[in-house]
Amino acid sequence: MVLSAGDSVVDMTAQTMIVPAYAAPSAKAPLERTTIERRAVGASDVLIDVKYAGICHSDIHQARDGWGEGIFPMVPGHEIAGVVAAVGADVTKFKVGDRVGVGCMVDSCRECENCRAGLEQYCAKGNIQTYNALDKNGEPTYGGYSKHIVVDEAFTLRIPDGLALDVAAPLLCAGITTYSPLAHWNAGPGKKVAVVGLGGLGHMAVKIAHAMGAEVTVLSQSLRKKDDGLRLGADHYYATSDDATFEQLAGSLDLIVSTVSAPLPLDKYLGLLKTDGAFVNVGAPEEPVSLNLFSLILGRRSLAGSGIGGIQETQEMLDFCAEHGLGAEIEVIRAEQINEAYERVLASDVRYRFVIDADTI
Ligand SMILES: [Zn+2]
Ligand SMILES: [Zn+2]
């Protein structure tokens, strides 16, 4: 049986299908239009007609080999929103026409303690990333900069009706990466939460923390985006280039979520926390950092990290965002603008996420 799904040729009886995509042919090479092979829809798989794919900073890191040896050609994209085009025989959660999303991982061992606890992102055997990884058959995974993707239903999310697909796409990485630590460290009424950096991740952290009922402060290098920050839900906005900020806010915060990848003077930031406060990194510099441990000891403070979220929690985040009317602030681009968009992301010239219109791939 041959199913025509847009420009993709889906031979349901064959092992693979041919799908148009944008790929980096080698490290640091510009992305170009090409075709890739995807596996046929298996019994527990859904075939997703990709509508939108967000551009995450980590796409650029990986396409340019900033995180070590990548698998090329590489089709980035782990902020995927689309519509189910076909389902395998054993699929129970989804039917053709459902609005769905895929985030940073497409599988895990499903057996380890973390997987059983819904923490697939911390799978003891390592989860299988949506792209730049090998699947269980040893085949490379390809991400969302493509017309279609085949994903096991267990790693497919439902996008609630109240959320438009374009503004929902970035929630699959930027949304869950910030929601998870905010939920884990109990951001909510009576809590003072600061977000370091107002970019793709930071702007979602501000929206979500505000919707959770916390008092939200943005800590940004300058006051350049102050109006935006307040509009997105921040109560306060301070420049970290001004030393007075660190004196004024000393010992006042319950939780700091740092979304930046630049190395920070951690002792200064830890000094902003109350007793029992936590500083949580969701962004990380490539080089190791150092700190004075007395910054933690004096105040029983914690320094922590957090990576995306589990599948169940990602669904909870999408439902929360729909309930509160939260989507990402986006600029929709055509696929041929991807390389230009990468340069603009690197120059921090985007408010706050580029989203590729997959119809243009
Ligand atoms: Zn990402
Ligand atoms: Zn596992």
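**View 1. A salt bridge joins arginine 231 and glutamate 329.** The closest N and O atoms of this pair are 3.3 Å apart. A salt bridge here is a side-chain nitrogen of Lys or Arg within 4 Å of a carboxyl oxygen of Asp or Glu. This is a predicted model, where local features need pLDDT of at least 70, side-chain atom pairs count only at pLDDT 80 or more, and totals for chains, interfaces and linings use all residues. Side-chain values use heavy atoms, with hydrogens and water left out, residues are numbered from 1 along each chain as its sequence is written, and chains are lettered from A and ligands numbered from 1 in the order in which they are written.

View 2. The contact (heavy atoms within 4.5 Å) takes 21 residues from domain 1 and 21 residues from domain 2. Look across the interface of the two domains and you will find three salt bridges.

**View 3. Now meet the zinc ion (ligand 1) and its donors.** Cys56 (SG), His78 (NE2) and Cys173 (SG) coordinate the zinc ion at 2.0 to 2.2 Å. Donors are N, O and S atoms within 2.8 Å of the metal (3.2 Å for Na, K and Ca); water is not among the atoms, so sites may look incomplete. Along the sequence, the donor residues follow the spacing C-x21-H-x94-C.
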